Amino acid sequence: MTAVPLARLAELTADHDASFVLIAREGGIDLLTGDVLDVDRLADIPLDDSRGAREVFAMVPYRQVHERGFEAQDDGTPLRCLLVSEHEHLDRGELISALPGAPITLADGGFDISDAEYAEIVERVIADEIGRGEGANFVIRRDYRAGYDADDRTAALTWFRALLEHERGAYWTFAVITPGQIAVGASPEAHVVARDGVVTMNPISGTFRHPAGGATRESLTEFLSSTKETEELFMVVDEELKMMSQVCSDGGRITGPHLKEMSRLTHTEYMLRGRSRLDPRDILRETMFAPTVTGSPMQNACAVIRRHEQSPRGYYSGVAALFTPNADGGHDLDAPILIRTVYLDGGRLRVPVGATLVRHSDPQGEVSETHGKAAGVLGAIGAIERDSAAEARDDDAPGEARLADDPEIAALLASRNTRLADFWMQPQDVHPGGRFSGRSALVVDAEDRFTTMLAHQLRHLGLDVQISAWDAVTDAEIDAADLVVSGPGPGDPRDGASARIARMQQVVSRRRHAGAPLLAVCLSHQILSDGLGIDLVPLDAPHQGVQKTVPVFEHEASIGFYNTFTARVAPGTTRVRDAEVSADAGTGDVYALRGERFASVQGHLESILSRDGLETLERLTAHALA
């Protein structure tokens, strides 16, 4: 690096009206400068000017989920664009030497809500949201706040230097300096990347906080053996596959799992890849935002966040996005999640952190997780004392053995895939001439984008598939399709006051009365059961991200379940009115129904947890169309 970029950086730091971004990633360290423009929508991000394609850096706040029709508190956090006029590549060592390094002390630090309050919120979400069938998992945030005695820009660059020196394993380490919005962080997670027509997503879940002295094979093995952590990762992979199936013509292929080893935390992760020709702004909109920091299903997760978080999120769980012109005249996209980030404003910092709440979460354990995540950020920037043993190993990081390379750890990670559907582990090109080629299917979405994965599998079987939302689908569309797939969704199937439940009841009954082929999934299976006079009851414990081997008529099938309610008959019942019943021999929980030109299933055949999903879907579809 020459002295010119260093001098330029000094000028930018001193000029409180100047805007610039520093990004450390695999390719090195970049300094981006330019003018700031705030826009209303992702589509307004100006990727072209009179001279053609240009580079743009954007900070996308959480409130942009309103573009997908989802709920969010609107705090006015801007969708901020830096229109890049200069892009310099910096030398790491020279940059570190040029950045301020004097320690900055925090004062009056603490969470915005107490541990007891947060534990109560956890209990309410588990009981009132997951227990009512509103979803499988939800991420609820709290903020660590503290004061500091330094200029905001100096503090940001000081902490950026500390991250460069002491953090490892981050996908992006960054400092964003613009008037009124300053952030510095080390994000472990690439939410979505689009290069040369290939889209990659990187769901990360499970947080192992290294004990004093660092992680060991024994402590990591205990973490990797946790049912909660394993199921949590599977659920977020399912949720991101929904997004991949929306933006990628080939649905998305899973590789992994891998370990994301950082200085103080280790995570587990998968990689999802597929092909897409969409504009990168459309890809970004359709993947807002990562379930690892919101929950699933996404639409309900946003509503749950709105009900239970006490303040708006700002940029937390949004993304930083770099749009770079490519050789084809379009733009590549690189967009990490905005987590592990410090926000600075007038001598006060804010570190938002969240815990993923699932059916068997322990409230005190989730309180501890937020403490661990906040401490990980604050320790990385040097705002609190670091683990000296971990620091010693970090200094030797290039030659240090990675735990992921340990044969026992590698085998434990690989064993997770024995539980998953082979379908999603393979290339996902749709081949013409499938069994149901020439037939059309309409999938009615009841606010769970599992329908995108379901549609992809149906296309793989040869069907010409369209998806329509419950509040947009017309009776004419319902009547015209060769097959209607009435889809899954959150909520209580007995809720007669819900417009969504009422419309899904109409979809099911309309096809049944017409004697037209119908396949009903999860929520719609429950609605079909209710129409047959079968009781609907809440499960004693929600089946959210649960894998079970169950009878589906002549076959035993390994299927993933995401249900809080079940249709239930007396044990031993095999027929109700004109429907054959496949139910649990002990409980009477109904797993599947079939009759003349209709079939239904309680589980999610499209889930990665459904090892026998595609074969079961093919059999039920064939029955409905027979």
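Trainee: Which residue in strand 17 is the bridge partner of A58?
Mentor: A321 is the partner of A58 in strand 17. Strand 17 covers residues 319-325, and strand 5 (residues 56-60) runs antiparallel to strand 17, joined by 5 bridges. Two strands count as paired if DSSP finds at least two bridges between them. Helices (H or I, at least four residues) and strands (E, at least two) are DSSP runs, numbered from the N terminus.

Trainee: What kind of model and numbering is this?
Mentor: The model is predicted, so local features need pLDDT of at least 70 and side-chain atom pairs count only at pLDDT 80 or more, while totals for chains, interfaces and linings use all residues. Residues are numbered from 1 along each chain as its sequence is written, and side-chain values use heavy atoms, with hydrogens and water left out.

Trainee: Back to strand 17. How many bridges join strand 17 to strand 18?
Mentor: There are 4, and the two strands run antiparallel. Strand 18 spans residues 331-336, and D332 in strand 18 is the bridge partner of T324. The two strands form a hairpin with 5 residues between them. In the turn, G329 has a positive phi of about 90°.

Trainee: Is strand 17 mostly covered or mostly open?
Mentor: Mostly covered, with 5 of its 7 residues buried. Buried means under 20% relative accessible area, exposed over 50%, and partly exposed in between (1.4 Å probe, protein chains only).

Trainee: New topic. How is the chain divided?
Mentor: Into domain 1 (3-389 + 402-416) and domain 2 (420-625). The bounds come from an automatic or database domain assignment. The C-alpha centres of the two domains lie 35 Å apart. Their contact takes 30 residues from domain 1 and 28 residues from domain 2; contact means heavy atoms within 4.5 Å.

Trainee: What does UniProt annotate over residues 115-373?
Mentor: The unreviewed UniProt entry gives "domain: Chorismate-utilising enzyme C-terminal" for those residues. That stretch is 34% helix and 36% strand, with its end C-alpha atoms 14 Å apart. The UniProt annotation for residues 442-619, also from an unreviewed entry, is "domain: Glutamine amidotransferase". Here the chain is 28% helix and 38% strand, and the end C-alpha atoms are 18 Å apart. UniProt positions follow the numbering used here, feature names are shortened, and annotations may be inferred rather than shown by experiment.

Trainee: What is the strand order in the open sheet of 8 strands?
Mentor: The order is 22-21-23-24-30-29-28-27, with mixed pairing. Strand 22 (464-469) and strand 27 (575-576) stand at the edges with a single partner strand each, so one side of each has no neighbour in the sheet.

Trainee: Which helix packs on it?
Mentor: Helix 12 (residues 450-460), which touches strand 21 (440-445), strand 22, strand 23 (483-486) and strand 24 (518-521). The direction of helix 12 makes about 165° with that of strand 22. Axes are lines fitted to C-alpha atoms, for helices over the stretch in contact, and angles run from 0 to 180 degrees between N-to-C directions.

Trainee: How many residues are in the largest nonpolar core?
Mentor: It has 85, and I45, V60, L241, I254, L284 and I608 have the most contacts inside it. A nonpolar core is a set of buried Ala, Val, Leu, Ile, Met, Phe, Trp, Tyr and Cys residues joined through side-chain atoms within 4.5 Å. Helix 6 (residues 227-247) gives the most to this core, with 9 residues. The core draws at least three residues from each of domain 1 and domain 2.

Trainee: What does L241 touch?
Mentor: Leaving aside neighbours within four places in sequence, L241 is in contact with G251, G252, I254, L272, W424, M453 and I608.

Trainee: And L420, buried or exposed?
Mentor: Buried, because its relative accessibility is 3%. L420 is in the loop between helix 11 (407-414) and strand 21. Not counting residues up to four places away in sequence, L420 touches F234, Y270, M425, I608, L609 and R611.

Trainee: Where is E231 found?
Mentor: In helix 6. At 7% relative accessibility, E231 counts as buried. Beyond four places in sequence, E231 touches R359, H360, R419 and G545.

Trainee: Last one: why is helix 15 called largely enclosed?
Mentor: Because 7 of the 9 residues of helix 15 (residues 523-531) are buried, including H525 and Q526. Helix 15 is followed by G533, whose phi is positive, near 90°.
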